[in-house]
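Here are some short notes to read beside the structure. Please keep the sequence open while going through the points.

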Amino acid sequence: MALAAVVLGVATAWGQSRGGDGPWCSRDAACQVDTATFVGWRVFETHCAGCHGQSGVGSRFAPELGSRMRGMTQREFSVALREGYRGLQGRMTPRADNRDVARYVDELWSYLRARASGDLGPGPLERFSEN
Ligand code: HEC
């Protein structure tokens, strides 16, 4: 009985996030996300993870981004990428002078918001299949 309730609860939670825009995660596979979040993750791993760590978990060069992004607006985020950012740990030079970053600022935001909200853990992602 208790087990059935747990299984049902999980099925419901998955069903709900599958219906909306949010990530859809199961235990044994990569989380599935919408295209914007997927692209944001790819751009992040290419252009940001070198300092902020894979999935933004932080490194000795730059902070973990999840908790830092929670208090940040989308506008502040794009300003930080365009103009650079000075924080307690160090200084980030502008990132959006790289065209491959500038054109994907919204996608980066989508990915990092999902990480900050706890909807997404660290790790690789897959795109929702289109069917
Ligand atoms: C060369 C290393 C480096 C790269 C590459 C880099 N950053 Fe940073 N980033 C930093 C440092 C250093 C800070 C400031 C840390 C601090 O708070 O002292 C920072 C700060 C930030 C902040 C502000 C965090 C806060 O404290 O509110 C955001 C957001 C951010 N980076 C996002 C990104 C994104 C997105 C990319 C990829 C497009 C990126 N960074 C690439 C080094 C880097």
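1. pLDDT is the predictor's confidence in each residue, on a scale from 0 to 100. The protein chain averages a pLDDT of 85, and 82% of the residues score at least 70. Over residues 3-19 pLDDT stays under 50. For that stretch the model has six contacts beyond four places in sequence, a contact being two residues whose C-beta atoms, placed from the backbone, lie within 7 Å.

2. This is a predicted model, in which local features need pLDDT of at least 70 and side-chain atom pairs count only at pLDDT 80 or more, while totals for chains, interfaces and linings use all residues. Residues are numbered from 1 along each chain as its sequence is written.

3. Helix H7 covers residues 105-117; helices (H or I, at least four residues) and strands (E, at least two) are DSSP runs, numbered from the N terminus. Among the buried residues of H7 are Trp109, Tyr111 and Arg115. Buried means 20 or more other C-beta atoms within 10 Å of the residue's own, with C-beta atoms placed from the backbone. The buried residues of H7 pack against helix H2 (35-47), helix H4 (66-69) and H5. Gly118 follows H7 and has a positive phi, near 90°.

4. Ser55 sits in the loop between H3 and H4. Ser55 is not a glycine, yet its phi is positive, about 60°. Most residues other than glycine have a negative phi. Ser55 is buried, with 22 other C-beta atoms within 10 Å.

5. Which elements each supply at least two residues of the shell around the ligand? They are helix H3 (49-52), helix H5 (74-83) and strand E3 (91-92).

Methods
The expected span of a helix is 1.5 Å times one less than its number of residues. A residue is buried if 20 or more other C-beta atoms lie within 10 Å of its own, exposed if 12 or fewer, and partly exposed in between; C-beta atoms are placed from the backbone.
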